[in-house]
Amino acid sequence: MDSEPRRISAAEVAMEQMRIAAEHLPDVNPGILEKIKHARREVIVNFPVKMDNGTVRVFTGYRVQHNDTRGPFKGGLRYHPDMGVDEVRALAMWMTWKSAVVNIPFGGAKGGVQCDPKALSRRELENMTRRFAWEISPFIGPDLDIPAPDVATNPQVMAWIMDTYSIQKGRVVPGVVTGKPVELGGSLGRFDATGRGVVITAAEALKYFRMNIDGIRVVVQGAGNVGSAVARYFRLAGARIIAISDVNGGIYNDKGLDLEQAMVCKKNQNCFLKQEIEGETITNEDLLRLNCDVLVPAAIENQITYANAPRLRCKVVVEGANGPTTPEADRILADRGIYLVPDILANAGGVIASYFEWVQNLQELFWTEDEIVDRLARILTRSFQEVVAISEREKVSMRTAALMLGIGRVATAVELRGIFP
Ligand code: NAD
């Protein structure tokens, strides 16, 4: 039995990662580093929502805008019962580094509402979303801050936000959010771009080790927007998905899962059931320790910790989720020779496709899916090569190399703009 993992907050993880990267950036002015440690603005709103039973409930929502030196704030909105400002701060900071690593003209932000979306009716969800959008509308906009989907939010939620914001402005403003339905100015290829991007970066990592994606064994934690697309694109590339899970646990079959059957079962039952899928049920903790080539954590933060890192049996970890690995676990994996492609590179496909959506909205000119997939792959492979080059030159992990690239670019931009006044 593992001992109970020591809880380390996402904010502590983000700060420790930044401290490690900063050690390798001796030329960056410490005052600039101090500035970019802090969020520029933190918005907390408490707002009432009429519930179906006639009562009024007050919800708390957040929007942390970490940095907009290189372009408007950008980042997802999540609905989760445990959300707090500390976690949102870390997620907002990671968005800043991510946009900079892949060199798109955005800063970083994150937000959401503390709630259990599964306990809300569709009408309550819409009321809550619209009122939240109204409350944060002075702080968002196509040239200010552009939200997108994250955990438990989706294109429909983005459509409600776009509508609420547009009504307030008295004109249609599609560019206020990305990840919208295609019918409302969403981009082709945006919905599964994060998962597609994870597989593109995983393929680059495998190439680096002269391994072929065809026939490799893949484990995916999380079967949401990111995890289910990761599984699908790995399978399309010839890999075998041997296990997949959601918050309730997962399903494992060493010969390879019937993915269609698994996803239908999950959709119908809201979980993976052994009787309906050939395989055995498995806990999330056991899933992380399966023998495989590639492990993709694609659920939430703090999953690979000092407690389970010694027992991982994969060759490569590709982070679909944001912040799934703690710094202690990073060190253990590195010592054990497990290669890790960090979140701010591996899951950047989502923000890259969001950038494409935003550009298309501003230009009112739409691209084909082929154009989008081609540009996405080019940006991700170029970014991967840039990070590998730093990692080899500086003899640091891929995470530290990616942070050095991202933080370095933001610091240079701050230096060039100067400190006002
Ligand atoms: P989602 O809500 O669609 O899916 C989350 C999945 O994780 C669900 O299957 C859920 O059951 C599972 N899950 C939740 N808690 C879990 C736990 N404790 N253990 C195991 N599984 C758990 O969310 P998503 O959009 O797929 O996001 C997943 C991760 O990817 C998050 O870290 C998010 O920040 C990150 N991410 C998302 C995007 C995007 O475009 N949606 C982009 C970049 C990064």
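Start with the lining of the largest cavity, which by class has four nonpolar, four polar and one charged residues, where Ala, Val, Leu, Ile, Met, Phe, Trp, Tyr, Cys and Pro count as nonpolar, Asp, Glu, Lys and Arg as charged, and the others, Gly among them, as polar. The model is predicted, with local features needing pLDDT of at least 70 and side-chain atom pairs pLDDT 80 or more, while totals for chains, interfaces and linings use all residues. Residues are numbered from 1 along each chain as its sequence is written, and side-chain values use heavy atoms, with hydrogens and water left out.

To display that lining, select Ile-8, Ser-9, Ala-10, Val-13, Trp-94, Glu-301, Asn-302, Gly-323 and Thr-326. The space they line is about 40 Å³, and a search of the whole structure finds one cavity of 30 Å³ or more. A cavity here is a set of points, on a 1 Å grid over the protein atoms alone, where a 1.4 Å probe fits but cannot get out, and lining residues have an atom within 4 Å of a point; points are joined across faces, edges and corners, and the volume is the space filled by probe spheres set on them.

Select Tyr-208 and Tyr-339, whose ring centres are 5.6 Å apart with planes at 25°, so the pair is stacked. Tyr-208 belongs to helix α6 (residues 193-208) and Tyr-339 to strand β12 (residues 339-341), so the pair ties together parts 131 residues apart in sequence; helices (H or I, at least four residues) and strands (E, at least two) are DSSP runs, numbered from the N terminus. Tyr-208 is partly exposed at 34% relative accessibility, whereas Tyr-339 is buried at 14%, given that buried means under 20% relative accessible area, exposed over 50%, and partly exposed in between (1.4 Å probe, protein chains only).

Now select Tyr-355 and Phe-356, a tilted pair with 6.0 Å centre to centre and 40° between the planes; Phe-356 is buried, at 2%.

Finish at Gly-179, in the loop between α5 (155-169) and α6, which is buried at 7%.

How values were computed:
Rings of Phe, Tyr and Trp (its six-membered ring) pair if their centres lie within 6.5 Å; planes under 30 degrees apart count as stacked, over 60 as edge-to-face and the rest as tilted. On a 1 Å grid over the protein atoms alone, a cavity is a set of points where a 1.4 Å probe fits but cannot get out, and a pocket is an open set with protein on both sides within 12 Å along at least five of seven lines; lining residues have an atom within 4 Å of a point.
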